[in-house]
Amino acid sequence: LWMTAGHDRSARRRVEQELLRVSGDPESADGVESSALLKDESLSGFRGINSILNSLRLAGNMRRLLEQADLKMKVGTLLTMMLSLGVLCALGAYAMHLGWMITVTIGFLAGSMPYTWVLVRRRRRIRAFETQFPEAVDLISRAIRAGHAFSTGIKMVADEMPDPVGKEFRRIFEEQNLGLPLRNALIGMLERVELVDLKLFVVAVLIQRQSGGNLSEVLDKIAYTIRERFRILRQLKVHTAQARLTGMILVALPPVVGAIIYTL
């Protein structure tokens, strides 16, 4: 599944051409909405820096991270923020004569703050998606059971569910309407939302489209499995709360005691 993901370049090219055509009409209401689907693949606003970043694998990973965090920021902007903040804080520490070791440490920690913020935003978005996803699966299952097509169920999720689930399924629906195969659209959502439950959903849908079967029943079982997993995880957190608290105290005890002894 993953080896063949994204290989249909001609279909993606047709989608991009259609987006350019639609967005070129200023009087079309759909043009404003559809133009948002056209991704900007550049990593920086400057051509020289963009060519350098394109040759780095790290820049590609950072672009994927920004997309998963649903940020419109370019990779060059994020790197500039990290470098600027790290250098400024390091210069401030050096001006205070804190020593080379502390200066380098402060500069590194300050420079990593924008990247850490992106990671936190990405984790929160995926966690919110995971919480809303069972309801979305149930909604699609009910739509299919009522006689609607699978694409209609996706449209219902896009219209009735909040972000980030509603936004992701809206993107799938619009990409499919513009000519991108449903398989490629679903795999694209998997790249933006790294979630095991979503992989189960995508694999079930793709297998059903090839071999047939009762998709509504499969989706009901997937939603039930996700909710049962949530229940087991909550029970596990309750039973291990005391042990986890003890572990955090033991981890924090040495530096706290060392700071107290140093102060005294």
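Q: Which helix gives the largest share of the positive patch?
A: That is α7, with three residues. This is a predicted model, where local features need pLDDT of at least 70, side-chain atom pairs count only at pLDDT 80 or more, and totals for chains, interfaces and linings use all residues. Residues are numbered from 1 along each chain as its sequence is written, and side-chain values use heavy atoms, with hydrogens and water left out.

Q: Which residues gather in that patch?
A: R123, R124, R127, R234, K237 and R244 form it on the surface. Two elements give two or more residues each: α7 (113-145) and α12 (215-239). Patch residues have over 30% relative accessible area and no salt bridge; like charges are joined within 9 Å, and nonpolar side chains (Val, Leu, Ile, Met, Phe, Trp, Tyr) within 5 Å. Areas come from the Shrake-Rupley method with a 1.4 Å probe, and for residues only the protein chains shown count as cover. Lys and Arg count as positive, Asp and Glu as negative; His and the chain ends are not counted. A charge is placed at NZ of Lys, CZ of Arg, CG of Asp or CD of Glu.

Q: Is R234 buried or exposed?
A: R234 is exposed, at 54% relative accessible area. Its place is in helix α12. Buried means under 20% relative accessible area, exposed means over 50%, and partly exposed is in between (1.4 Å probe, protein chains only).

Q: What about secondary structure: how many helices and strands?
A: The protein chain has 13 helices and zero strands. Helices (H or I, at least four residues) and strands (E, at least two) are DSSP runs, numbered from the N terminus.

Q: Which residues touch the most other members in the largest nonpolar core?
A: F129, F169, L186, L198 and F201, out of 35 residues in that core. At least two residues each come from α7, α8 (150-160), α9 (165-177), α10 (182-192), α11 (196-211) and α12. The largest share, seven residues, is from α7. A nonpolar core is a set of buried Ala, Val, Leu, Ile, Met, Phe, Trp, Tyr and Cys residues joined through side-chain atoms within 4.5 Å.

Q: And how much of the chain counts as buried?
A: 34% of the 264 residues.

Q: Switching to charges. How many salt bridges are there?
A: The structure holds 15. The cut-off is a side-chain nitrogen of Lys or Arg within 4 Å of a carboxyl oxygen of Asp or Glu. One of them pairs K167 with D70, at 2.9 Å from N to O. K167 is in helix α9 and D70 in the loop between α4 and α5, 97 residues apart.

Q: What does E168 pair with?
A: E168 meets R192 in a salt bridge, 2.8 Å from N to O. E168 lies in α9 and R192 in α10, so the pair ties together parts 24 residues apart in sequence. E168 is buried at 3%. R192 is buried too, at 5%.

Q: And R229, what is its partner?
A: D197, with the closest N and O atoms 2.4 Å apart. R229 is in α12 and D197 in α11, so this pair ties parts 32 residues apart in sequence. R229 is partly exposed at 31%, whereas D197 is buried at 4%.

Q: Which residues do shared partners join into one network?
A: D70, R125, K167, E168 and R192.

Q: Last one: which residues make the nonpolar surface patch?
A: M96, L98, M101, I102 and I106, covering about 490 Å². M96 sits in the loop between α5 (75-95) and α6 (100-111). M96 is exposed, at 58%.
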